[in-house]
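Work through the exercises below with the model open. Each task is followed by a stepwise solution.

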Amino acid sequence: MHLLNLGILAHVDAGKTSLTERLLHTAGVIDEIGRVDDGNTRTDTLALERRRGITIRSAVVSFPLDGVTVNLIDTPGHPDFIAEVERVLGILDGAVLVVSAVEGVQAQTRVLMRTLRRLGIPTLIFVNKIDRRGANGSAVLDQLSRRPAVPLVPMGRPAAPGTRAARFVPGLAPTVPEVLADQDDALLAAYLDGGIPDGRLHAALAAQTRSARVHPVYFGSAITGAGVPELVGGIERLLPAADGDPAGPLSGTVFKVERGPAGEKIAYARLRTGTLRVRDRVPYGAARSANGRVTALSVFDGGTDTRQDHAGAGRIVKVWGLDGIRIGDTLGTPGRAYEHHFAPPALETVVVPGPGTDRRTLHLALTQLAEQDPLIGVRHDALRQETSVSLYGEVQKEVVQATLAEEFGLDVTFRGTRTRCVERPAGTGHAVEFIGKDPNPFFATVGLRVAPAPPGAGVAFRLEVELGSMPYAFFKAVEDAVRDTLGQGLRGWEVPDCTVTVTHCGYNSVLSTAHDLRALTPLVLAEALRRAGTVVHEPVHRFRLDAPADTLGALLPVLTRLGAVPESTAAAGAAAVLEGTVPAARLHELQQRLPGLTHGEGELETAFDHYAPIARGAVPERPRTDHNPLDRKEYLLNLTRRTDGPV
């Protein structure tokens, strides 16, 4: 029996969790189907998920099919929790994208479909809710074929849509041979030569689905079960099995971390190769910089996770004993790098403790939440005794507030949400401080050059000195200090993309410690950044706005005042479509004003596109939370001062 790690993805309220329940029932794992509204579904285990009726954390559940063991990963549909989806994408063998036949293709649907296509993840599409009033399966097909323009293979058609008697009628559409032939020259020749035999057609369908060149479409209802048996058949026949050599070197990827009842860390990992055993000592981390002994191990089987003494390649496992483990870490031999597929959070807010809430306890609780969602990005300001977190949206803020109250007993509120900017070097800057020369008080020499790097390149740390000219621990201290210091540029914003090169280094073999290198580096880097200069960039979203054509006269001036740049306008009868970019900071105002400007008929679709230099108004600054290496006197004073707040 082979393994399949299958993700269920969808826009919010498409029926994704309901489909998960139906699949478990069809496979015989559960006797009664849970309902999201009743709060008794198998994968929404958090009390908050059940109360709100939304998925917040990804969840894994296993079920058997004929010849296939499926590890099904249910993911959130709300865009505020896209980080959960991102972490799951890297461990999937295949996916089912759920689309509502009533609401149709949403902005989140397009974001997910484009990402699945870009990553080459084999994907089936399930058009759900064909039993609901207003269901229109053909409209969904049309929407998907136009935007994001994917090659679709309808596996049948819905009958009696919009009624409780709605059902799925299997049968390949007459256009399927043409769709498959478009992806395969040999098949095209056979098609033009008189047709493709059924056996070859079905073999081509399986091959092209597994290589993510086409996407079979099923219609049905998770509530009534219509179309689900056919979808299950497609999962068995058309999606690829998990691969990997269990006899090879151990390599796995951690995609989720949670805390157990006793506060212990539990890591969820996909094993790529090798076999993991209880009592194994396992290196982990991005650079195999830590190691720990596995004290317990679980695999998913028969609808639950069961303790095992070992697990092989292809499995999803729960691992105990690795205290320092983090999301994105590699177990064993480094394999596929952890990648970001979606935009980072564009917002942040300060968490304000309520009456009776201890600041230290709050900081610890937020740190534990950041273990489960690293993009929360906890940022503590010891000087002001404030802690801020990064966010995707207001719903996520409400969830953080409720989680702190229910799981930690902490009462908090939030300050106003602000846009998160970044800084980029305007040019190249160089600085150096030598050991024994004023004003350098440390037993170390450090010279650094900072230069711009392309957006998305990250921070590159390079050496222009011999690696043997200093102990490795000293170079590591410099690199760690560089990366920490770049968390706050000249105006307090992160500097995410640049190249930092060590041009000078030196130490005293008797007196120098790694602390000297670590303490001097921020002063040198801050001066190099000052000489290079930085430019503050704000997040910019790409938008598509559908509105009545007769409202353009009122819309365009408002878009201009909000800093939006319409790049194209297309009219079709009484409707118009505008596409362009808009600063993320002005997006909320645009959303609020849109109904009044378009008689309630405007539809706005947005997605993060890029960061751009702030073109108007005052350049925002962010309060510093470090020792402020831009001010030498303050930095040295802060470095030696004892602080009472958490660090």
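**Exercise 1. Find the residue that Phe-461 stands opposite in strand 29.**

Step 1. Phe-461 stands opposite Val-500 in strand 29. Helices (H or I, at least four residues) and strands (E, at least two) are DSSP runs, numbered from the N terminus.

Step 2. From strand 28, the chain passes through helix 12 (residues 472-485) to strand 29, a left-handed β-α-β crossover. Right-handed would mean that, with the strands pointing away from the viewer, the path from the first strand over the helix to the second runs clockwise.

Step 3. Check the pairing. Strand 28 (residues 459-463) and strand 29 are parallel, with five bridges. Two strands count as paired if DSSP finds at least two bridges between them.

Step 4. Strand 27 (residues 444-452) runs antiparallel to strand 29, joined by nine bridges. Here Ala-444 has Tyr-507 as its bridge partner.

A note on the source: this is a predicted model, where local features need pLDDT of at least 70, side-chain atom pairs count only at pLDDT 80 or more, and totals for chains, interfaces and linings use all residues. Residues are numbered from 1 along each chain as its sequence is written, and side-chain values use heavy atoms, with hydrogens and water left out.

**Exercise 2. Is Thr-501 buried or exposed?**

Step 1. Locate Thr-501: strand 29 (residues 498-507).

Step 2. Its relative accessible area is 7%, so Thr-501 is buried. The cut-offs are under 20% for buried and over 50% for exposed, with partly exposed in between (1.4 Å probe, protein chains only).

Step 3. List contacts (heavy atoms within 4.5 Å). Leaving out residues up to four places away in sequence, Thr-501 touches Gly-447, Leu-448, Arg-449, Arg-462, Leu-463 and Glu-464.

Step 4. Widen the view. Seven of the 10 residues of strand 29 are buried.

**Exercise 3. Which residues of helix 5 are buried, and why do they lie on the same side?**

Step 1. In helix 5 (residues 137-146), these are Gly-137, Val-140, Leu-141 and Leu-144.

Step 2. They share a side of helix 5 because they cover an arc of only 100° around the axis. The arc is taken from the directions from the helix axis to the C-beta atoms.

Step 3. Turn to the face away from the buried side. Ser-138 and Arg-146 are exposed there.

Step 4. Name the packing partners. The buried residues of helix 5 pack against strand 4 (94-100), strand 5 (123-128), strand 6 (152-154) and strand 9 (215-219).
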